[in-house]
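Me: I'd like to learn how to read a structure like this one. Could you walk me through it?

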Amino acid sequence: MTTTDLTPAVRADWPAVSSVGLGLFTLVASEFLPASTLPRIAADLGVSEGTAGQAVTATALVGALTAPTIAVLLPRADRRKVLIGLTTLAVVSNVLVAVAPSFWGLLAARLLLGAAIAGSWAFAIAVTSHLVPPDRLGRALTVVNTGTTVATVAAVPLGAYLGEVWGWRGVFWLAAAAGGAAVLAQVRWLPAVPPSGFPGLSTLFGTLRRPVLAVGLVAIALVAGGHFAAFTYLRPAAALVPGLSAGVLAALLLVYGVANVVGNLVAGPLADRRLTLLVLGVPLLIGASTWGFAAGSGSLALVFVAVFAWGVGFGAVPTTFQTWVARTEPDRLESASGLMIAVFQAAIAAGAFAGGLLVDHAGVRAALLAGGLSAVLGGATLATLRRR
């Protein structure tokens with residue numbers, strides 16, 4: 001199959017694009033639900049909260065392994081059927097979590113969710129590129145990522161509230177029902193989507209050997225790792241701000257979440273028209289924001305400005321990097337997307353680890369400054385690469 005077989009439709013299929021976004025919304029919301037109900041899960045299953053938290057870790061690790069390999073395992077499958085199957089797998093995972101008699105049963109169910117999330121992300125970019133013309137890809141990815149952004153912001157507080165009302169098992173039943181609605185939407189609106197390129201191990205390794213993509217993945221890792229080296233320790237950084245009460249901290253996190261949504265909405269149109277500017281500007285905004293937070297921690301107003309800018313910057317990251325990958329490797333999009341997701345997941349873990357070392361040995365400001373520098377270096381590198 002050649003890339004000419006995958007010529008996008010002349011008219012954008014927005015209902016289909018929305019169904020992809022709805023599926024990812026339910027998957028990402030499910031990923032973060034344990035964090036919102038952790039004490040109840042731990043108490044009910046007889047484990048420590050630290051042990052219960054490994055349900056999130058296990059999900060991410062399985063995702064990092066699944067993302068680059070799922071196209072290899074399913075080289076000829078209709079991507080419509082694969083996405084519907086993965087969303088259904090997430091429904092099964094949430095049902096199994098809701099009825100889990102032990103922590104190990106819950107952990108096994110979460111492994112299924114990790115595979116579903118990574119697989120859906122790996123195919124989402126390629127499927128979306130099939131549903132819209134090339135000059136609408138950035139906007140289409142914004143639609144897809146809006147659900148993810150909202151899920152990231154809303155899942156933890158909403159899950160915490162509903163967990164108090166219905167119990168933690170009731171929250172996962174609700175997540176299963178939401179996933180079922182996403183399955184129905186995908187069955188209704190997604191058209192058949194053929195595989196992109198020639199999925200296989202040779203394609204995967206061949207894609208990784210392409211110089212522009214390989215350097216680009218390192219640059220993306222620098223941006224993602226830099227962000228999480230700083231953001232993971234936002235709470236101890238906020239403790240440096242005089243007069244920052246628990247209520248003000250909650251408002252600060254709300255501002256960050258709203259800014260995430262704004263960044264995602266802005267990124268789509270810019271990615272279609274000014275991608276090179278965006279791949280440089282977004283990491284610069286993240287870097288400037290972390291430095292501003294570190295320098296302005298004596299002023300509550302400056303901290304709020306820095307956090308809003310930080311949220312806008314990181315909210316634009318998914319659409320920006322996904323569009324860059326799509327433009328760089330259009331004939332190997334599934335393999336390239338899977339590699340990007342795996343690198344991003346690994347960078348999250350590495351960034352949080354490196355940031356922790358800096359916090360312990362040099363202070364939280366050092367983590368903010370180093371994270372910002374890493375993001376800026378990644379953006380500068382990505383902006384200088386010449387796409388084919």
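Me: Where in the chain is confidence lowest, and where is it highest?

Reply: Helices here are DSSP runs (H or I, at least four residues), numbered from the N terminus. The lowest is helix H9 (residues 201-208), at a mean of 73, and the highest is helix H8 (residues 168-189), at 95. The chain's mean pLDDT is 85.

Me: What about residues 1-10?

Reply: Where pLDDT is low, the predicted coordinates should not be read in detail. Over residues 1-10 pLDDT stays under 50.

Me: How do I read two packed helices?

Reply: You describe them by the angle between their axes and the distance between the axes. Axes are lines fitted to C-alpha atoms over the stretch in contact, and angles run from 0 to 180 degrees between N-to-C directions. Helix H16 (residues 333-362) and helix H17 (residues 364-384) pack at about 140°, axes 7 Å apart. That makes H16 oblique to H17 (under 35 degrees is roughly parallel, over 145 roughly antiparallel, 65 to 115 roughly perpendicular, the rest oblique).

Me: Is Thr320 buried or exposed?

Reply: Buried means under 20% relative accessible area, exposed over 50%, partly exposed in between (1.4 Å probe, protein chains only). Thr320, in helix H15 (residues 317-328), is buried because its relative accessible area is 0%.

Key: Residues numbered from 1 in each chain as written. Predicted model: local features only at pLDDT ≥ 70, side-chain atom pairs only at ≥ 80, totals over all residues. Heavy atoms only, no water. Helix = DSSP H or I, 4+ residues; strand = E, 2+ residues; numbered from the N terminus. pLDDT = per-residue confidence, 0-100. Contact = heavy atoms within 4.5 Å.
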